[in-house]
Amino acid sequence: MAATEAIGGDLDTLSASGAVARRQAVSRASRYVLLAATLIGVAVLAFLTYDTLDAGASRISWDFVTSYPSRFADRAGLRSSILGSAWILVPTVALAFPISISTAIWIEEFAPKNALLTIVKLNLANLAGVPSIIYGILGLALFVRFMELGPSILAGAFTLALMILPMTVIASQEAIRQVPPSIREGSLALGASHWQTVWNHVLPGAMPGIMTGIILAVSRAIGETAALIMIGAFTFIAFDNTSLFDDFTTVPIQIYNWTIRPQEAFRQNAAGAIILLMAAVLTLNLIAAIIRERFRRE
Amino acid sequence: MDGTEMRESKVTSPRLVDVRMPEVRTGESLTPETQPGARPIIEPPEPAVFTLRNLNLWYGHKQAISDVTMNFPAQRVAALIGPSGCGKSTLLRCLNRMNDLIPGVRVSGQANYHGVDVYAPKVDPVEVRRRIGMVFQKPNPFPKSIYENVAFGARVNGYRGGMAEHVERSLRQAALWDEVKDDLKKSGLALSGGQQQRLCIARALAVQPDVILMDEPCSALDPIATLKIEDLIRELAQQFTIIIVTHNMQQAARVSDYTAFMLLAHEGGPGELIEYGHTNDVFTLPKDKRTEDYITGRFG
């Protein structure tokens, strides 16, 4: 009995008292503090979504999607910017996909583990945090001016590919590291070469993770504005793109364009475009999540 | 041992002469080496596939195995037993150069395979591994179909001929065919643990190796699956040289012709070969007190 009293508490009912009661009170309170912190983010997002839907839902129509931009807000649409976004994403992915996979394979499988590799890895992580406008400045100097591509789709795609590379490389590295060493050993023990092992076992095993990383990076590229404005994509496009060397605009640039107009009607257009862009990004993220879940279960 | 020439596994060494892999299994006939004061180690009288001479291995600065000299005879089962951490798995992985995958591994001495030191500078580990198959502690089938699991090794090694027949032959050899013949497209991971391990054996057999190394192949299996693998090992020994690491002394007694007992002879020191001989002799008349203590369960 004496021992029980020394640590507090009621031996008959085992109900908390003293220090235990205090610790449990703090524990219960922590739950509400954490919930409140979470709600701040959710509430802001909910309000933004509601506000955007409220302002832009009425503008969403097939005409809005298929019309060129216009001086008249009620006739203006997203045709050229949607096409521009599609045109720029294809070469961006076509560039970023093989480069990031190759880089990740080299780093994880073949690179000698030395100081240089550590520096490369560190810089990759840093590059992922560089503001996109810096990539825009690089793109302007290198692709638009030096390579004389002008403010073209190709220059934009090069810029976006550079911008998402650090993300996709890191995601691919993670995915490659997830492949169990026992699979590598099993393959090597059969007399497969290192490359055969990577190609037949490591890459297929890592592919879901790599795909997820690329899709998430694409959903970032699809919303990219600053870097593309920097290379000169802030233009009035009233034609369908037909070549990689065309001038172009993209949906987020069109949104930016509309928001800075004084007329209220253009703001509604911007809100409508935001809804469509959000839907596109959400769809991409959903696809990424589905890929991830499906392969995790296997 | 101090006088032994040390070398990195990939650094050129002037010591080796002919490093070509012999086309046919020649076998090196052996006479026991007479070393004054040598440990009670039997050199099996049969032609040897492996002859290890003063083999040492270091992980960085830590020596893991010391001065191992022994032969592995052809078409026999040799078991490596000993307490955890005594270097028996390390020794096994020396033989097909799987230790190369671990950074900082250094080997000295000789691991002669049909007379060619597998650590000689010109030896390609891929050439070694396609002749010396390996089965791991935990079944590790590829996350692909049963068929693909078996066909992969044969395909990368340039097997010419009917692949379907070859897959069937390998699965039959591994006593798995009857259980899987109707769903070869099923994932290898869908099989039970024991079936997975036999699939891994079939996969190794499909490469048509000469030696099969088994690293505690039954430690993750139940007693019935274990029994099947043990029967299979006896069966395979008619054709292949098998070296098996096991924690299970009854298993060593059941399946092996020769047994080697390894031990960390000194606290914190490297693993050493304490005794090697006919399984019967090692288990009934151990020459070394430490072997006897281990076998009778007095330590380890």
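Modeller: Helices here are DSSP runs of H or I of at least four residues, strands are runs of E of at least two, and both are numbered from the N terminus. The model is predicted.

Start with A:P181. This proline sits in helix 8 of chain A. A:P181 has 10 other C-beta atoms within 10 Å. The cut-off for exposed is 12 or fewer, so A:P181 counts as exposed. Along the chain, A:P181 and A:V202 are 21 residues apart. In space, their C-alpha atoms are 9.3 Å apart.

Two packed helices are described by the angle between their axes and the distance between the axes. Helix 7 covers residues 153-178 of chain A, and helix 9 covers residues 194-222. Their axes come within 8 Å and cross at roughly 150°. Over 145 degrees counts as roughly antiparallel. Helix 7 and helix 9 of chain A are therefore roughly antiparallel to each other. The crossing of helix 7 past helix 9 in chain A is right-handed.

Now the residues. An α-helix has 3.6 residues a turn, so residues three or four places apart point the same way.

Helix 9 of chain A also has a part in the contact between the chains. That contact takes 15 residues from chain A and 20 residues from chain B. On the chain A side, helix 8 (181-189) and helix 9 each supply at least two residues. Helix 8 gives the largest share of that side, six residues. The chain A side holds five nonpolar, eight polar and two charged residues.

Step back to the domains. Chain A is assigned domain 1 (2-59) and domain 2 (62-297). The C-alpha centres of domain 1 and domain 2 of chain A lie 39 Å apart. Seven residues of domain 1 of chain A touch eight residues of domain 2 of chain A. On the domain 1 side, three of these residues are nonpolar, three are polar and one is charged.

Next, the partner. Chain B has 10 helices and 11 strands. Of the 300 residues in chain B, 47% are buried. Contacts in chain B between residues at least 6 apart in sequence include 70% that join residues at least 24 apart. Helix 1 (residues 88-95) of chain B is mostly covered, with eight of its eight residues buried. Among them are B:K88 and B:R93. Just after helix 1 of chain B, B:R97 takes a positive phi of about 60°.

The axes of helix 3 (residues 146-156) and helix 4 (residues 163-173) of chain B come within 9 Å and cross at roughly 105°. Helix 3 and helix 4 of chain B are therefore roughly perpendicular to each other. B:Y147, B:V150, B:A151 and B:A154 of helix 3 meet B:M163, B:H166, B:V167, B:S170 and B:L171 of helix 4. That contact of helix 3 with helix 4 in chain B counts seven nonpolar, two polar and no charged residues.

Last, backbone angles. Most residues other than glycine have a negative phi. B:N54 has a positive phi, near 50°. B:N54 lies in strand 2 (residues 48-59) of chain B. With 15 other C-beta atoms within 10 Å, B:N54 is partly exposed. B:Q208 also has a positive phi, near 55°. B:Q208 is in the loop between helix 6 (193-205) and strand 8 (211-215) of chain B. B:Q208 has 16 C-beta neighbours inside 10 Å and counts as partly exposed.

How values were computed:
Residues are numbered from 1 along each chain as its sequence is written. Chains are lettered from A and ligands numbered from 1 in the order in which they are written. This is a predicted model: local features need pLDDT of at least 70, side-chain atom pairs count only at pLDDT 80 or more; totals for chains, interfaces and linings use all residues. Axes are lines fitted to C-alpha atoms, for helices over the stretch in contact, and angles run from 0 to 180 degrees between N-to-C directions. Angles under 35 degrees count as roughly parallel, over 145 as roughly antiparallel, 65 to 115 as roughly perpendicular and the rest as oblique. A crossing is left-handed if the near helix is turned anticlockwise from the far one by less than a right angle, and right-handed if clockwise. A residue is buried if 20 or more other C-beta atoms lie within 10 Å of its own, exposed if 12 or fewer, and partly exposed in between; C-beta atoms are placed from the backbone. Two residues are in contact if their C-beta atoms, placed from the backbone, lie within 7 Å. Ala, Val, Leu, Ile, Met, Phe, Trp, Tyr, Cys and Pro count as nonpolar, Asp, Glu, Lys and Arg as charged, and the others, Gly among them, as polar. Domain bounds come from an automatic or database domain assignment.
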